[in-house]
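Let's walk through this structure together, beginning with the ligand and its surroundings. After that we will turn to a bond inside the protein.

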Amino acid sequence: MLVPAAVAFANGNGNSADTSLRALAAKQGLRFGTAVDASQLGTNKAYTDIVADQFSVVTAENAMKWESVEPTQGVYNWKDADALVKFAEQHGQVVRGHTLMWHNQLPSWLTTGVGNGTISNAQLRDILHKHVTDEVTHFKGKIWQWDVINEVFANSWETPQADGLNANDFWVQHLGSGIIGDVFRWAHKADPKAVLMYNDYNITGEDGTNVKFQAVYNFVKDLRKQGVPIDGIGEQGHLDTQYGFDAQRYQADLQAYADLGLKVAITEADVRTFVNNSTEQVPTSSLAQFAQPFEFSELLKGCELVSQCISFTAWGVHDGDSWIPGTFQGEGYGLLYDVNMQPKTVYSTLQQDLELAAGTAHHGALGGDK
Ligand code: G3I
């Protein structure tokens, strides 16, 4: 797709005193993004203003997932997803599409049908083919990057197949490893200009080993050898201050993917820590107030140091709107804005990182096709 020109990219007025994240990131050809709850656009003014002013790329947090777009078989609902795409067009932003094949947030008609045997594996493959083709076609020319496949590799606590895929993944189980390359081919056919990514977490050594990185690296290298149209790797970047983070390994792993001829992107960054309660989300350790911005900064700097890193996306706008408290009991404080939508220390830390790197690297996310 064609990416808007430099001025729109940096947000409207092209004012060099603009210190928004999007404007500062533009100075190194990088896009700075957020996941968006599309239903709040236009209804929540403070939220809408932050999304418009601070970010140059947006991802639908839920609105493009299969259960959202096809809640009843054959009946599409593009309402929220279309609204996000339109919002992005109006604000000089581009869109990351998320996600076409994932084991989670599948429509219940699909999982029920597979579960009770009324949908055979051959039919499941046809249904997936139709889903991928229809969704990519619906948004053709409007999506910059697609997270084509999401989270199919085994974590250390899961059972890997010989090729590193999670043996118990819904799609791997029913359709085998070969489905990965096929879905990339289907997506490419429907929108040849979209940047097609594999998206996952713990794939740059965050869990303390490089086992999952190596599996993804080997698998993707092989896909490229077979001519499968995969363009990039999305490293989600969900961190937790209690585990520490090896920033050197992270950067080296990003670079290794890039050296395969791939683009890379940080797609779902957040850094969680223990908090007093989910309403206020004040860190319980005073050191966490330093660790949280530090680890977020390490995530950004790794991307800045890899010239093939094209975008850096936070997984949500503010702590009151994050998936973290609902999933990790007692944790929160993961994002750039607090529960009152005020910028946190991490916000100014990232501003400084972007200012320091202005003009030093060219990430190529400004202008041109994929
Ligand atoms: O839409 C329903 C609503 O009708 C209902 O009233 C409400 C009651 O719980 O649930 C709503 O659905 C929730 C949905 O988000 C939309 O808000 C689901 O319960 C909830 O589970 C779902 O969570 C999402 C999660 O993916 C599902 O796995 C999070 O918002 C979203 O941030 C999260 O994002 C994932 C990425 O897609 C992939 N990588 C990991 C990341 C974090 O889990």
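**Around the ligand**

Of the 14 residues around the ligand, the ones that come nearest are Glu61, Lys65, His98, Glu151 and Glu268; a residue is near if one of its heavy atoms lies within 4 Å of the molecule. Please keep in mind that this is a predicted model, where local features need pLDDT of at least 70, side-chain atom pairs count only at pLDDT 80 or more, and totals for chains, interfaces and linings use all residues. Residues are numbered from 1 along each chain as its sequence is written, and side-chain values use heavy atoms, with hydrogens and water left out.

Sorted by class, this shell holds three nonpolar, seven polar and four charged residues. Here Ala, Val, Leu, Ile, Met, Phe, Trp, Tyr, Cys and Pro count as nonpolar, Asp, Glu, Lys and Arg as charged, and the others, Gly among them, as polar.

Now look at individual atoms. Glutamate 61 places a polar side-chain atom 2.4 Å from an oxygen atom of the ligand, while for lysine 65 the distance from such an atom to a ligand oxygen is 2.7 Å. Glutamine 105 has a polar side-chain atom 3.5 Å from an oxygen atom of the ligand. On its own the ligand has 790 Å² of accessible area (Shrake-Rupley method, 1.4 Å probe), and the protein covers 48% of that.

Next comes the disulfide, a pair of cysteine sulfur atoms within 2.5 Å. The count is one: cysteine 303 is joined to cysteine 309, with 2.2 Å from S to S. The torsion about their S-S bond is about -100 degrees, so this disulfide is left-handed.

Methods
A polar contact is a pair of N or O atoms within 3.5 Å; within protein, one must be able to donate a hydrogen and the other to accept it, and residues adjacent in sequence count only if both atoms are side-chain atoms.
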